[in-house]
Amino acid sequence: MDETLILLKSLLEGTYGVAIGLKDVQKGREIGKHWENRILQVCDDMFFYEQVENYNEPFITALRDYDDLQDLSDYDFKSDGFTAPFDDDNKRKLAYRFRTIAQKYEQGLHNIIDEGMIKLWDDLYSLTDKYADGWLSSARTLLDDISNRNKSLTNQLETENTADSSSAKCQNINVLVTSGSLIPSLVKCLLFRLDGLIAHENVYSSWEVGKLQCFKWIKEQFSGAEARFCVIGDGPEECGAAEIMRWPFVKIDLHPSGSGHRFPGLTLKMLGYYMDAVYGGSESEKSEGE
C-alpha cells in the first residue's frame with residue numbers, strides 16, 4: 001500500500017524526492033509527517049486504536065463468529081472492561097469494535113468528521129498529489145477504471161441482450177494486501193480516498209501472517225474456475241508470493257527509469273497484457289480479482 005498507492009513511507013524517508021530528483025526532499029518529509037499525524041489522530045479519536053493496537057487481525061471480519069450482534073448504539077466502549085487476556089469474552093468485545101469500525105468505513109470520513117477537518121484533509125491531499133506529480137490521483141484512477149469496467153461489461157451484456165447468466169456475473173474487484181497493521185491501513189484508505197474503491201472486507205493485513213497466506217485466503221474468497229488474479233506491488237515478498245500462486249506480478253518502481261511501472265503511467269490495458277501472458281486469451285472476456 002504505502003509504496004504502491006500512497007507513497008507514505010518514501011515521503012517520510014525522503015526516498016521519493018531523491019528518486020525523482022529536482023524535488024525538495026525536506027518538503028516531502030514534512031508532507032509525510034503531516035499524513036502520519038493525521039492518520040494517528042483519526043485512528044485514536046474514531047477507530048479505537050489505543051485499545052486495539054495490540055490485537056491486530058488480518059482482516060476486519062476475522063472475529064465475526066464472536067460477535068453476538070448486540071445493538072451497540074448505546075454501548076460504552078470506554079468502560080466495558082476490554083483488556084488482556086485475549087479470551088472469548090474479550091474477543092467478543094473486540095468484534096464489537098471491528099463491527100463499528102467497518103460501519104464507520106462504510107459511512108466515509110465526510111460523515112464522521114467536521115467540515116474544517118475535511119478542508120485540511122483535502123488541502124493535504126492536493127498538496128501531496130502535486131508534489132508526487134499526480135501519483136495519488138493516477139493510482140486512484142486505475143482502481144476506478146478497474147471498478148468501472150464492471151459497469152461497461154454490464155452495459156455491453158444488456159446491449160447484446162445475452163442470455164448467458166454466468167457472463168453477467170463477470171466483475172473486477174480491488175483487494176488490498178498491506179504489511180501495515182489493519183486499523184491504520186483502513187484509515188489510510190479513508191484519508192487517501194480509496195474507501196469507495198476497496199471494500200473494508202477486502203483489506204488484508206499481512207503484518208503477522210505474511211502476504212502468501214493473505215493471497216491464499218483471497219483465492220479461497222474468490223474461488224471459481226474463471227477467477228483470475230493480478231498482483232501490483234513493489235516488494236520482493238509480494239513478488240515471491242505471486243510467483244508461488246502463479247499469478248502475474250506488476251512491479252511498481254519509484255524511479256522514472258526503473259525496471260517497473262509507476263504512476264502516472266500504469267493503465268488497465270497494461271494490466272491486461274500481464275493477465276493474458278499468464279492466463280492466455282483476452283483479458284476483457286474473463287472475470288478477475290485484483
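P85 sits in the loop between α5 and α6, where helices (H or I, at least four residues) and strands (E, at least two) are DSSP runs, numbered from the N terminus. The peptide bond leading from A84 into P85 is cis, with omega near 5°. There is another cis bond to look at: F263 and P264 are joined by one, and omega there is about -10°. P264 belongs to the loop between β5 (249–251) and α13 (268–279).

Before going on, a word on what you're looking at. This is a predicted model, so local features need pLDDT of at least 70 and side-chain atom pairs count only at pLDDT 80 or more, while totals for chains, interfaces and linings use all residues. Residues are numbered from 1 along each chain as its sequence is written, and side-chain values use heavy atoms, with hydrogens and water left out.

**The overall picture**

The protein has 13 helices and 6 strands. Of its 290 residues, 49% are buried; buried means under 20% relative accessible area, exposed means over 50%, and partly exposed is what falls in between (1.4 Å probe, protein chains only).

**Two arginines with positive phi**

R193 has phi near 65°, a positive value in a residue other than glycine. You'll find R193 in the loop between α10 (182–191) and β3 (203–205), partly exposed at 27% relative accessible area. R246 is also a non-glycine residue with positive phi, here near 60°. R246 lies in the loop between α12 and β5 and is exposed, with a relative accessible area of 71%.

**Salt bridges**

A salt bridge here is a side-chain nitrogen of Lys or Arg within 4 Å of a carboxyl oxygen of Asp or Glu. By that rule there are 11 salt bridges. Here are some of them:

| Acidic residue | Basic residue | Closest N to O |
| D133 | K23 | 3.1 Å |
| E237 | K211 | 3.7 Å |

Which parts of the chain does the D133 and K23 pair link? D133 forms its salt bridge with K23, and the two are 110 residues apart: D133 is in the loop between α7 (115–131) and α8 (135–160), and K23 is in the loop between α3 (15–20) and α4 (25–46). D133 is partly exposed at 40% relative accessible area, and K23 counts as partly exposed too, at 22%.

The E36 and K33 pair is a local one: the two residues are 3 apart in helix α4, which means about one helical turn separates them. E36 is partly exposed at 27% relative accessibility, and K33 is partly exposed at 42%.

E237 and K211 form the salt bridge with closest N and O atoms 3.7 Å apart. That pair ties together distant parts of the chain, with E237 in helix α12 (residues 236–245) and K211 in helix α11 (residues 211–221), 26 residues apart. Is K211 buried or exposed? K211 counts as buried, at 7% relative accessibility, whereas E237 is partly exposed at 39%.

Salt bridges also link D89, R92 and K93 in a network.

**Buried charged residues**

E3 lies in helix α1 (residues 2–6) and is buried, with a relative accessible area of 14%. E3 and D253 are 250 residues apart in sequence, yet their C-alpha atoms are 8.6 Å apart in space. Leaving out residues up to four places away in sequence, E3 touches several others, including W135, D234 and I252.

R99 is in helix α6 (residues 88–107) and is buried at 19% relative accessible area. With residues up to four places away not counted, R99 touches D67, L69, Q70 and L72.

**A charged patch**

Which residues form the negative surface patch? D44, D45, E50 and E53 do. E50 is in helix α5 (residues 49–52) and is exposed, with a relative accessible area of 64%. Patches are made of residues with over 30% relative accessible area and no salt bridge, with like charges joined within 9 Å.

Terms used
Patches are made of residues with over 30% relative accessible area and no salt bridge: like charges are joined within 9 Å, nonpolar side chains (Val, Leu, Ile, Met, Phe, Trp, Tyr) within 5 Å. Accessible areas come from the Shrake-Rupley method with a 1.4 Å probe; for residues, only the protein chains shown count as cover. Lys and Arg count as positive and Asp and Glu as negative; His and the chain ends are not counted. The place of a charge is taken as NZ of Lys, CZ of Arg, CG of Asp or CD of Glu. Contact means heavy atoms within 4.5 Å.
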